[in-house]
Amino acid sequence: MSGRGKNFLDVCGAAPRVQNTWAPLVVSKQEINLEVERLIDAAKPDNGRRASMVVHPEADKQSKGFAPGIDVTIHVLKPGERTRNLRKNSNMVEICVAGSGTASVGGKVTKAEKWDVWNTPSMRVHNYYNDGKEPWVWLTYSNAPLLEKLEVHYVEEFDGATPPSDMDTKQTTRDPGKIARARDLALKTKISEDGAHLLGYEWLIDIDTVESKSLHWPWNKVSSYFPDITEIGKEYNGRRLFVLYNPVTERRIGTTPSFFASLSCSLPNSNNIAHRHSSSSINYYLRGGGHSMVDGQRLDWQAGDLMLSAPGWAMHSHHIGDSQVSTLTIQDHPFQIAVESLIWQERIEEPILALGNQVGFESNRASVGTR
Ligand SMILES: [Fe+2]
């Protein structure tokens, strides 16, 4: 009988690996403020980016994040400071938490005020400028840990409008209305009644595009819609929040192709029923206080805290204190829908469903009046 080769792992009869669910974690407002002060006092780095990642203790060396697939970074710019240009294939959701400044993303300039949210698409040249009088502080959330894990995170930092790697390349443009695409000449045929196709090579290298923009959700505009969710009756079993929807995510209901960002306005002394999802959830509390139960553990939080509030597949519920709570929630929901991995259990007595692949859940909205 011969032995096993060095490139093989015998998995005959093997059980699935038990997943290492990261512990929930609260990073307090005080800890974040101290880090902001440290960044303000530090010498200005050459690239202009005063930044500090909030790293979960269970993160590995190569793919640091606050959740396995999501990093959170605190950024600071002092008045008059500007960062160098950056281009990378990760995407970001960003929120201004103090001061104000301008984000230039692919030529679009967004003036960000407190609690404004915007997104930075992949491979758009971007930089930041503090044109105000106070230190500008903002948080970014990106899918960099996932790309680092895959060893494909592409990042360039440079001055000037053109990335160095584009300097000697020939830019191609195409008028889709006038010039035939090579893929139109390639084979496209259905070979089974239920949909198996064959496509020629050109279909692989000339994918249809959906325009990906940097969009801006100003706090004053978003919050003006809060009565739409706060006036629903108390027996409502859904969440009182808005997804900051970016049409580029289509049916995957996201703010970027990786994440949805939502802003909530939860009623005092309310709570949601325990539920779980394979997407990880990170909460940044804007207003109010309360506590969460995550896999049986109680964690208290208040305005200004950042929390890994739902490690993927951990059962959790959130309990609101005696004033309204507003939260920015980030989850890697659209990414997981794209790869059919987003399993969700809205209530313990209901089945586990792969959202986007199986018919989803309903709230009791249809049977609830207004307060
Ligand atoms: Fe949740």
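Which side chain meets that of Asp206 in a salt bridge? Before I reply, let me note that what we are viewing is a predicted model. The partner of Asp206 is Arg181, with 3.0 Å from N to O.

A second pair joins the two loops. The side chains of Arg183 and Asp208 form a salt bridge of 3.1 Å, again taken from N to O. Arg183 belongs to the loop between β11 and β12 and Asp208 to the loop between α3 and β14, so here too the parts tied together are 25 residues apart in sequence. Is Arg183 buried or exposed? Its relative accessibility is 9%, and because the cut-off for buried is under 20%, Arg183 counts as buried. Asp208, at 47% relative accessibility, counts as partly exposed. Through salt bridges that share partners, Arg181, Arg183, Asp206 and Asp208 are joined into one network.

How many salt bridges does a search of the whole structure find? The search finds 14. One further example is the salt bridge between the side chains of Arg49 and Glu157, at 3.0 Å from N to O. This pair links distant parts of the chain: Arg49 lies in the loop between α1 and β2 (50-54), and Glu157 lies in strand β11 (residues 155-158), 108 residues apart. Arg49 counts as partly exposed at 29% relative accessibility, and Glu157 counts as partly exposed at 28%.

I turn now to the domains. The domain assignment of the chain gives domain 1 (25-164) and domain 2 (216-367). Taken over C-alpha atoms, the centres of domain 1 and domain 2 are separated by 23 Å. In terms of contact, 32 residues of domain 1 meet 30 residues of domain 2. Between them the two domains bury about 2700 Å², and 71% of that area is on carbon and sulfur atoms. How many salt bridges does the rule find across the interface of domain 1 and domain 2? The rule finds zero. The interface does have polar contacts, with a count of nine residue pairs between domain 1 and domain 2. On the side of domain 1 that touches domain 2, at least two residues come from each of β1 (25-27), α1 (29-41), β5, β7 (108-112), β8 and β10 (136-142). Of the contributors to that side, β5 gives the most, with four residues.

Let us look at strand β8 in more detail. In a regular strand the side chains alternate between the two faces of the sheet. In β8 (residues 117-120), Val117 and Asn119 point one way, Trp118 and Thr120 point the other way, and all are buried. Strand β5 (residues 92-98) pairs with β8 in the antiparallel sense over four bridges, and Ile95 has Val117 as its bridge partner. Strand β14 (residues 216-217) also runs antiparallel to β8, joined by two bridges, with Trp217 of β14 opposite Val117.

Two individual residues deserve a mention. Arg87 is placed in strand β4 (residues 85-88) and is buried, with a relative accessible area of 10%. Its side chain makes a polar contact of 3.1 Å with the side chain of Ser165. Beyond its neighbours within four places in sequence, Arg87 is in contact with residues including Met123, Tyr154, Glu156, Phe158 and Asp166.

His197, found in strand β13 (residues 197-199), counts as partly exposed at 41% relative accessibility. A polar atom of the His197 side chain lies 2.7 Å from the backbone oxygen of Gly195. Not counting residues up to four places away in sequence, His197 touches Thr189, Lys190 and Ile191.

Finally, I draw your attention to an open sheet of three strands, in the order β17-β24-β25 with antiparallel pairing. Its edge strands are β17 (276-277) and β25 (353-354), each of which pairs on one side only. Strand β24 (residues 343-345) is joined to β25 by two bridges, and Ile343 stands opposite Ala354 in β25.

Technical notes: Residues are numbered from 1 along each chain as its sequence is written. This is a predicted model: local features need pLDDT of at least 70, side-chain atom pairs count only at pLDDT 80 or more; totals for chains, interfaces and linings use all residues. Side-chain values use heavy atoms; hydrogens and water are left out. Buried means under 20% relative accessible area, exposed over 50%, partly exposed in between (1.4 Å probe, protein chains only). Two strands pair if DSSP finds at least two bridges between them. Domain bounds come from an automatic or database domain assignment. Contact means heavy atoms within 4.5 Å. Buried area is the accessible area (1.4 Å probe) that two parts lose on being put together, summed over both. A salt bridge is a side-chain nitrogen of Lys or Arg within 4 Å of a carboxyl oxygen of Asp or Glu. A polar contact is a pair of N or O atoms within 3.5 Å; within protein, one must be able to donate a hydrogen and the other to accept it, and residues adjacent in sequence count only if both atoms are side-chain atoms.
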